[in-house]
Amino acid sequence: MNTFIYRSKFPINKEILFRFHEEPIGFQTLVGGTKGIEIIQPPKSLAIGEEVIFKIRIFPFWKTIWIARHIAYQQNHFFVDRQEKGPFLKFQHSHLFLDGTDGKNSCILSEEIEINFYLWPLSRFFIFPFLYFMFRKRHELTAKHFGVKEELIFCRYS
């Protein structure tokens, strides 16, 4: 199993952070301004079965449709989406909202991706750096939305 994990601590309540991801502003903040991604159908909610459709640029000369479906959800704790159609052989993204170390004053957002791509032993050398920079940017944008600073706990892939 190929797994990428990016985990940050935020100095805000996890229910507030989860709500940000549930509301349209969260999706728009995290995906709307990303170069190379055209949103065809944004999610209406995080409910199980909800579908998201993008057109993404893989390389300057290659665009593809990416369809993801929400497959698991527990309010204020997690939601999971899985690629139904797209560039990867497997791409399942779990968003986990964990309690911080100082009670209600902080939380941890853990983004965990099970992934597989063509020619995996070679492709992982460009996919994992791409994921690192993408999730670093997403966590920075999330913190900026709240006017706080996130703290990277760890990032790893195996």
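Which residues does phenylalanine 78 touch, not counting residues up to four places away in sequence? They are Phe18, Ala72, Tyr73, His95, Leu96 and Phe97, where contact means heavy atoms within 4.5 Å.

Before going on, a word about the model. It is predicted, so local features need pLDDT of at least 70 and side-chain atom pairs count only at pLDDT 80 or more, while totals for chains, interfaces and linings use all residues. Residues are numbered from 1 along each chain as its sequence is written, and side-chain values use heavy atoms, with hydrogens and water left out.

**The sheet and its helices**

Phenylalanine 78 lies in strand β5. Helices (H or I, at least four residues) and strands (E, at least two) are DSSP runs, numbered from the N terminus. Strand β5 covers residues 78-85 and pairs with β6, residues 90-100, in the antiparallel sense over 5 bridges; two strands pair if DSSP finds at least two bridges between them. Across in β6, leucine 96 is the bridge partner of phenylalanine 78.

Now follow the whole sheet. It is open, has 8 strands in the order β2-β3-β4-β5-β6-β7-β1-β8, and its pairing is antiparallel. At the edges stand β2 (37-41) and β8 (151-157); each has a single partner strand, so one side of each is left without a neighbour in the sheet. From one strand to the next, the twist averages 20°.

Helix α1 (residues 14-22) packs on this sheet, touching β1, β4, β5, β6 and β7, and its direction makes about 150° with that of β6. Helix α2 lies across β2 and β3, running at about 145° to β2. For these angles, axes are lines fitted to C-alpha atoms, for helices over the stretch in contact, and angles run from 0 to 180 degrees between N-to-C directions.

**Buried or exposed?**

Buried means under 20% relative accessible area, exposed over 50%, and partly exposed in between (1.4 Å probe, protein chains only).

| Residue | Relative accessible area | Class |
|---|---|---|
| Phenylalanine 78 | 25% | partly exposed |
| Glutamine 92 | 16% | buried |
| Cysteine 107 | 0% | buried |
| Cysteine 155 | 28% | partly exposed |

Glutamine 92 has its place in strand β6. Leaving out residues up to four places away in sequence, glutamine 92 touches Ile71, Val80, Asp81, Arg82, Glu112, Ile113 and Glu114.

**The two cysteines**

A disulfide is a covalent bond between the sulfur atoms of two cysteines. How many disulfides does the structure hold? There are 0, counting a disulfide as a pair of cysteine sulfur atoms within 2.5 Å. The sulfur of cysteine 107 is 18 Å from its closest cysteine sulfur, in cysteine 155, which is too far for a bond.

**The nonpolar cores**

In soluble globular proteins, nonpolar side chains tend to be buried together. A nonpolar core is a set of buried Ala, Val, Leu, Ile, Met, Phe, Trp, Tyr and Cys residues joined through side-chain atoms within 4.5 Å. The largest one here has 20 residues, and Ile115 and Leu131 have the most contacts inside it. At least two residues of this core come from each of β1 (3-10), α2 (24-32), β3 (51-59), β4 (62-74), β7 (103-116) and α3 (120-146). Helix α3 gives the largest share, 4 residues.

Leaving aside neighbours within four places in sequence, leucine 131 is in contact with Phe4, Phe91, Ile113 and Ile115. A second, separate core has 10 residues, including Leu46, Phe79, Phe97 and Ala143.
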